[in-house]
Amino acid sequence: MRTTRAISAPGRLTIAMLLLAGTTFLNACSQEFTGIDDVYAPTKPEERFPIEVVEKPVKLTVSAASGRLGPAESDQIIGLAWQAKTRAITGVTVAYPAGSRNGRKVAAEVAALVAQQGVPRTRIHTAAYNGKSDTVTMAFVVRVASTKECGDWSHNIANTYRNELYPNMGCAMQNNVAAMVSNPDDLLAPRASPPVRSAARDPAMDNYLSNDWTEPVVTFGDTLNDN
């Protein structure tokens with residue numbers, strides 16, 4: 001014969017409190033994980049390291065102590081002059097010390113060399129600054145494609161049990177893409193479409209609209225395949 005033992009009031013109260021505590025704990029965990037899942041974490045490289053178009057100054061300093069440019073300095077100026085011709089968004093400023101006769105001569109030589117590379121004279125500005133340092137500077141501003149720098153090693157990538165992306169993931173690729181952009185303005189707006197070349201298109205469309213289609217050309221290879 002089986003006997004049934006009744007649970008006393010204090011026992012029932014203890015069981016009810018344990019069940020209530022367990023339910024509260026599970027509910028708190030559920031809310032915690034739900035909050036984490038609701039936060040969007042970027043995973044694509046273009047989201048984590050977006051490429052932006054920024055303005056960057058370009059500056060070259062040459063010595064004017066001898067009163068003329070050397071071969072190496074001339075080559076540097078020619079290279080920057082081509083960049084100024086194709087990419088500069090401002091004019092080219094050539095600055096020389098006001099108290100230096102050699103500086104004035106070298107500044108004039110720099111301006112002439114820049115103009116020889118195709119930069120309009122109206123975009124070449126020569127200015128004097130206070131000093132006698134015999135130093136001439138050439139400067140202008142260009143637009144470049146840029147993104148955040150790499151090198152964030154704040155996380156230990158050997159510890160990946162949470163399967164999360166490390167801070168530098170995709171950074172090198174985005175920097176390489178930004179460095180290869182030929183014209184950063186293409187990222188701001190598309191280029192205008194060139195005029196359509198209709199010399200070959202118009203006769204083809206005329207034949208199509210007049211139903212004057214040509215017979216397909218059968219080659220030797222097609223004949224063998226048919227047999």
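Tutor: Happy to: Trp153, Ile157, Leu165, Tyr166 and Met169 form a nonpolar surface patch with about 510 Å² of accessible area together. Accessible areas come from the Shrake-Rupley method with a 1.4 Å probe, and for residues only the protein chains shown count as cover. Patch residues have over 30% relative accessible area and no salt bridge (a Lys or Arg side-chain nitrogen within 4 Å of an Asp or Glu carboxyl oxygen); nonpolar side chains (Val, Leu, Ile, Met, Phe, Trp, Tyr) are joined within 5 Å, like charges within 9 Å.
This is a predicted model: local features need pLDDT of at least 70, side-chain atom pairs count only at pLDDT 80 or more, and totals for chains, interfaces and linings use all residues. Residues are numbered from 1 along each chain as its sequence is written, and side-chain values use heavy atoms, leaving out hydrogens and water.

Student: How many disulfides does the structure hold?

Tutor: One, with cysteine sulfurs within 2.5 Å as the cut-off. Cys150 is joined to Cys171, S to S 2.0 Å.

Student: Is Cys171 buried or exposed?

Tutor: Cys171 is buried, at 1% relative accessibility, while Cys150 is partly exposed at 39%. Buried means under 20% relative accessible area, exposed over 50%, partly exposed in between (1.4 Å probe, protein chains only).

Student: New topic: which side chain does Arg143 meet in a salt bridge?

Tutor: Asp185, at 3.3 Å, N to O.
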